[in-house]
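Q: Could you walk me through this one? I have not seen it before, and I would like to take it piece by piece.

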Amino acid sequence: MRIRTVTEDELPLLAELERAAGAPFAAIGMPEVAEDEPPAPEELAHYLQRGVALVAEAPDGTIAAYLLAEPVDGAMHIEQVSVHPDHARRGIGRALIDHLAGTTDAPALTLTTFAEVPWNAPYYARCGFRPLSDAEVTPGLREIRRQEAEHGLDRWPRLCMRRDLRP
């Protein structure tokens, strides 16, 4: 597996991968998440200009997973990590996160996630993230959470998490 920056012409492929990665949400009673339309390539291009957009290539050259991140309140905020179900449970998502952790100058990684979905908060805890208390949630993370609530994601418990990279 090779991790590299996504190219602009690959951005449309991320939507296809996102649809496949979202499908398992339907099986756990979250069909709205499974059916949510991925961001358009124009929206994803933002990460090429202001943040990080990484892909993990499978040995056959196909994109197995991707990660999007951008700076938020001094940390590198992971907006999305998606692994195609055909490549799940092989450590690819963790490899993308660890690659970001090893290449950023930020002191920490943050993300928001579903608290009770097994491949969300419990998974990120195994990757070194910890839940943030309300007092630890920064203004930028509060804004992200406000936007998520506006999008209807608060129908299910969500939380902010952080992985410190430096003491």
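Q: Before that, what kind of model is it, and what counts in it?

A: This is a predicted model, in which local features need pLDDT of at least 70 and side-chain atom pairs count only at pLDDT 80 or more, while totals for chains, interfaces and linings use all residues. Residues are numbered from 1 along each chain as its sequence is written, and side-chain values use heavy atoms, with hydrogens and water left out.

Q: OK, the sheet then. How many strands form it, and in what order?

A: Seven strands form an open sheet with mixed pairing, and the order is β1-β2-β3-β4-β5-β7-β6. Strands here are DSSP runs of E with at least two residues, helices are runs of H or I with at least four, and both are numbered from the N terminus. Two strands pair if DSSP finds at least two bridges between them.

Q: And which strands stand at the edges?

A: Those are β1 (2-5) and β6 (130-131), and each has a single partner strand, so one side of each is left without a neighbour in the sheet.

Q: What joins β6 to β7?

A: Two bridges join β6 to β7 (residues 158-164), and the two strands run antiparallel. Across that pairing, Arg-130 stands opposite Arg-162, and Pro-131 stands opposite Met-161.

Q: How do β5 and β7 pair?

A: They pair in the antiparallel sense over seven bridges, with Leu-109 opposite Arg-163 of β7. On the other hand, β4 and β5 run parallel and are joined by three bridges, and His-77 has Thr-110 in β5 as its bridge partner.

Q: How many residues of β5 are buried?

A: Seven of its seven residues are buried, so β5 is described as mostly covered, where buried means under 20% relative accessible area, exposed means over 50%, and partly exposed lies in between (1.4 Å probe, protein chains only). For β7, which is also mostly covered, five of its seven residues are buried.

Q: Switching to the core: how many residues does the largest nonpolar one have?

A: It has 26 residues, and those with the most contacts inside it are Leu-67, Ile-78, Ile-97, Leu-100, Leu-109, Tyr-124 and Phe-129. A nonpolar core is a set of buried Ala, Val, Leu, Ile, Met, Phe, Trp, Tyr and Cys residues joined through side-chain atoms within 4.5 Å.

Q: Which elements give residues to this core?

A: Those that give two or more are β2 (52-57), β3 (63-72), β4 (75-83), α5, β5 (108-114), α6 (121-126) and β7. The largest share, five residues, comes from α5.

Q: Tell me about α5, then. Which of its residues are buried?

A: They are Ile-92, Gly-93, Leu-96, Ile-97, Leu-100 and Ala-101. Helix α5 (residues 92-103) has twelve residues and reaches 17 Å from its first C-alpha to its last, close to the 16 Å expected at 1.5 Å a residue, where the expected span is 1.5 Å times one less than the number of residues.

Q: New topic: which residues line the second largest pocket?

A: The lining is made of Leu-13, Glu-16, Leu-17, Thr-62, Ile-63, His-84, Asp-86 and His-87, and helix α1 (residues 11-22) gives the largest share of it, three residues. About 180 Å³ of space lies in this pocket.

Q: How is "pocket" defined there?

A: On a 1 Å grid over the protein atoms alone, a pocket is an open set of points where a 1.4 Å probe fits, with protein on both sides within 12 Å along at least five of seven lines, and lining residues have an atom within 4 Å of a point. Grid points are joined across faces, edges and corners, and the volume is the space filled by probe spheres set on the points.

Q: Last one: where are Asp-73 and Arg-89 found?

A: Asp-73 is in the loop between β3 and β4, and Arg-89 is in the loop between β4 and α5. Although neither is a glycine, Asp-73 has a positive phi of about 55 degrees and Arg-89 has one of about 65 degrees. Asp-73 is partly exposed, at 47% relative accessible area, whereas Arg-89 counts as exposed, at 86%.
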